[in-house]
Amino acid sequence: MENEMLKDIVGLKKNMQRQINLYISKFAKNIEQPLCGHRDASWMAAPPWLSDYTSVKDICNQDEVECWKGDSISHRDIVASGVLTVKHVGVVGYRLNCGSDAQAIVNLADRWGMPLFFPFKKHWNLKSLIQEITLGPTVISRQNRRRAVLLGSSNVGFYHFLTEVVGDWWFLKKMGFNKDSFDLFIIHDGGKTWQKNILDLLDIEKDKIRSSFGFREKDIDLVIPYRGKGSPLNVPSWTCRALCEEIGVQESQKKGYRKVYISRKDATRRRMVNEAVLTGKLEKIGFEIVECENLNVREQQDLFGSAKIIVAGHGAALTNLVWCPENALVLDIHQESPAVPCFKILGEQSRIKYVPIFNAAEEIYRYGDWKISEKAVEMILDEVAVAP
């Protein structure tokens, strides 16, 4: 009996995957098609330049590529970029706790309250679950139905929120939308102060913004920017441009005179347990020790915009390197290799000098806390010594 049930479940999953592949292939041809049985879905394809991603192969030689994860960019699974509009849809948003992180999940239902399954990986926009969304049937007139847009991905940390929420909004504007195109902006967020800071910097009316956590609507027209998101391997070639145009600092504000070490001592993971070994030597040569968690977003922009050298353990705070003056030096300390290339790619787009310090960990402990090696400390000091 149990074996038969398992076979049925496996068969169901295979059938669903075949349907998903079918709809993806239709989208790849830019044909407007009903999506997973939903007839009120339309597709607007993005131009090629908006669908372009930077690969480490584009900016590294073969020896360097081996140091990075994902030697070919993971957007290989994304067959098309564009804007998906689904009319008469029910939306239920909730939070999924994953260890120390929370993920934002949105499920969709049709006008009769039955679940819709979409060909998205969870880290793009939506996670389709085999479960009923108990919204119940609804009838709302076309005149009263609201139009909403879903910004961001299921990852709500600083790097993903900044590059994906801001990136989505910039992407939509390049696709011809503006703030008057929508009645609501549904944002994947976690209620953090810095997330509110970022939203305040965008030209969006506050009374239109809704968190996806706990969002519930029976009948709405939903617009979804469909592009590679949620992975540090997916870095559109326009990311730095988008951030600087939407919420960036002026070039005249970039002075480039400070030497800064970014500490993670109050983070929940990946803390350098013997950080004093490094910071003690850096302070002697004029470095400031700063924790970005104590700064709002504008203050972080000002900090990186005024820095000529940044030294930091690998972490989301380095997303701020996009604000650095051209030719600033950024040292990214990686515990191991191969490493995630997102900041390498952002550094290339920002025209700074990005230098990774690989295999810096002498020991790695629980929750990713680690001990820096003496050799890595010396490598960092050598790079700083030759900096202009």
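## Burial and surface

A residue is buried when its relative accessible area is under 20%, exposed when it is over 50%, and partly exposed in between (1.4 Å probe, protein chains only). Trp 68 has 5% relative accessibility, so Trp 68 counts as buried. Phe 182 and Phe 185 are buried as well. Of the 388 residues in the chain, 53% are buried.

## Basis of the model

The model is predicted: local features need pLDDT of at least 70 and side-chain atom pairs count only at pLDDT 80 or more, while totals for chains, interfaces and linings use all residues. Residues are numbered from 1 along each chain as its sequence is written, and side-chain values use heavy atoms, with hydrogens and water left out.

## Secondary structure

The chain has 10 helices and 15 strands. These are DSSP runs numbered from the N terminus: helices are H or I with at least four residues, and strands are E with at least two.

## Aromatic pairs

Rings of Phe, Tyr and Trp (its six-membered ring) pair if their centres lie within 6.5 Å; planes under 30 degrees apart are stacked, over 60 edge-to-face, and the rest tilted. The count is 12 aromatic pairs. In one of them, the ring centres of Trp 68 and Phe 358 are 5.2 Å apart and the planes are at 70°, so this pair is edge-to-face. Trp 68 lies in the loop between helix 3 (62–65) and strand 2 (82–98), and Phe 358 in the loop between strand 13 (353–357) and strand 14 (361–364), 290 residues apart.

Phe 182 and Phe 185 also form an edge-to-face pair, with 5.6 Å centre to centre and 75° between the planes. One aromatic cluster consists of Trp 49, Trp 170, Phe 171 and Trp 238.
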